[in-house]
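Hello,

Here is the structure I promised to hand over. Please open it first, then read my notes below.

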Amino acid sequence: MDQAEQLSELISDIYDAALDSSLWSDVVGKTARFVGGPAAAIFSKSPTAGNGHVYYESGVDPHYRQLYFDKYVKLDPATTSHYFADIGQPIAVADFMPYREFLKTRFYREWARPQGIVDFVSAVLDKSATSAAMFGVFRSEHNGVVDEETRRRMRLIVPHVRRAVLVGRLIELKSAEAAAFADTLDGLSAGMCLVDAAGRIVHANVACHVILDAGDFLTTIGGTPRRARSEDRSGVART
């Protein structure tokens, strides 16, 4: 598979993950390999609070992930630079400090070097007043430090990762709103049902289900509510 095909397939997978969040871990792993690294994550962190959260990841050691947010996020020389970086623009160690100085930091010596990590290329996906959501790929000794090809590949996929994450958030929000509305309807003692433009039931609360199941004066035909049939005293069926 050439790079164009690989990129096209990866972009398709990214948008699939927007609709099904269970796919994100696999997609993040594919994205790491495309950019050139053994691990990657979608996460957020705050330079003021000194904490953060990982939403999706692949290839990240759970022990070191926890250690990072418990202790080393405050020692990471990239944290403040990550927050102030432009949205969508790749940033690596060389963008905020000389690499030789980075190798002397406690963060590198105690957290990055034990994992064989030599660099990290990331891009801001979104910002709030106090934190930044990011996507980033770890570079191992085998991959080497971030170069122009790594940055180019990040620029190709970051806009799609950003849009997919935002779409996924919107879907989750709408789903939560719909669930809350359904719970409200279910709590009503009066029977209520919502129908679409064709008259088909899209949601019926508990009280309405009781009425429909009894079939005394209301029932459903093909998913559409109908008055139940009854018989008059002459034995002739009527509606």
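**A buried lysine and its partners**

The side chain of Lys-45 makes a polar contact with the side chain of His-82, at 3.1 Å. (A polar contact is a pair of N or O atoms within 3.5 Å; within protein, one must be able to donate a hydrogen and the other to accept it, and residues adjacent in sequence count only if both atoms are side-chain atoms.) A polar contact of 2.8 Å joins the side chains of Lys-45 and Tyr-68.

Before you go on, note that this is a predicted model: local features need pLDDT of at least 70, side-chain atom pairs count only at pLDDT 80 or more, and totals for chains, interfaces and linings use all residues. Residues are numbered from 1 along each chain as its sequence is written, and side-chain values use heavy atoms, with hydrogens and water left out.

Is Lys-45 buried or exposed? Lys-45 counts as buried because its relative accessibility is 3%. (Buried means under 20% relative accessible area, exposed over 50%, partly exposed in between, with a 1.4 Å probe and protein chains only.) Lys-45 lies in strand 1. Helices (H or I, at least four residues) and strands (E, at least two) are DSSP runs, numbered from the N terminus. Leaving out residues up to four places away in sequence, Lys-45 touches several others, including Asn-51, Asp-76, Thr-79 and Ser-131.

**Thr-79**

Thr-79 is found in helix 4, residues 79–84. Thr-79 is buried too, at 6% relative accessible area. Thr-79 and Lys-45 are 34 residues apart in sequence, yet 7.7 Å apart in space, C-alpha to C-alpha. Beyond its neighbours within four places in sequence, Thr-79 is in contact (heavy atoms within 4.5 Å) with Lys-45, Ser-46, Pro-47, Tyr-68 and Val-73. A polar atom of the Thr-79 side chain lies 3.0 Å from the backbone oxygen of Val-73.

Four strands form an open sheet in the order 2-1-4-3, with antiparallel pairing. Two strands pair if DSSP finds at least two bridges between them. Strand 2 and strand 3 are the edge strands, and each pairs on one side only. From one strand to the next, the twist averages 25°. Angles run from 0 to 180 degrees between N-to-C directions, and axes are lines fitted to C-alpha atoms, for helices over the stretch in contact.

Strand 1 and strand 2 (residues 51–58) pair over seven bridges. Ala-41 stands opposite Glu-57, and Ile-42 has Tyr-56 as its bridge partner. Four residues sit between the two strands in their hairpin, where Gly-50 takes a positive phi near 65°. Helix 3 (residues 62–70) lies across strand 1 and strand 2, at about 160° to strand 2.

**The cores**

Which residues of the largest nonpolar core touch the most other members? They are Trp-24, Ile-42, Phe-135, Val-137 and Met-154, out of 27 residues. (A nonpolar core is a set of buried Ala, Val, Leu, Ile, Met, Phe, Trp, Tyr and Cys residues joined through side-chain atoms within 4.5 Å.) Elements giving two or more residues to this core include helix 1 (3–19), strand 4 (132–140) and helix 7 (148–186). Apart from it lies another core of 26 residues, among them Tyr-83, Ala-85, Met-97 and Trp-111.

Best wishes
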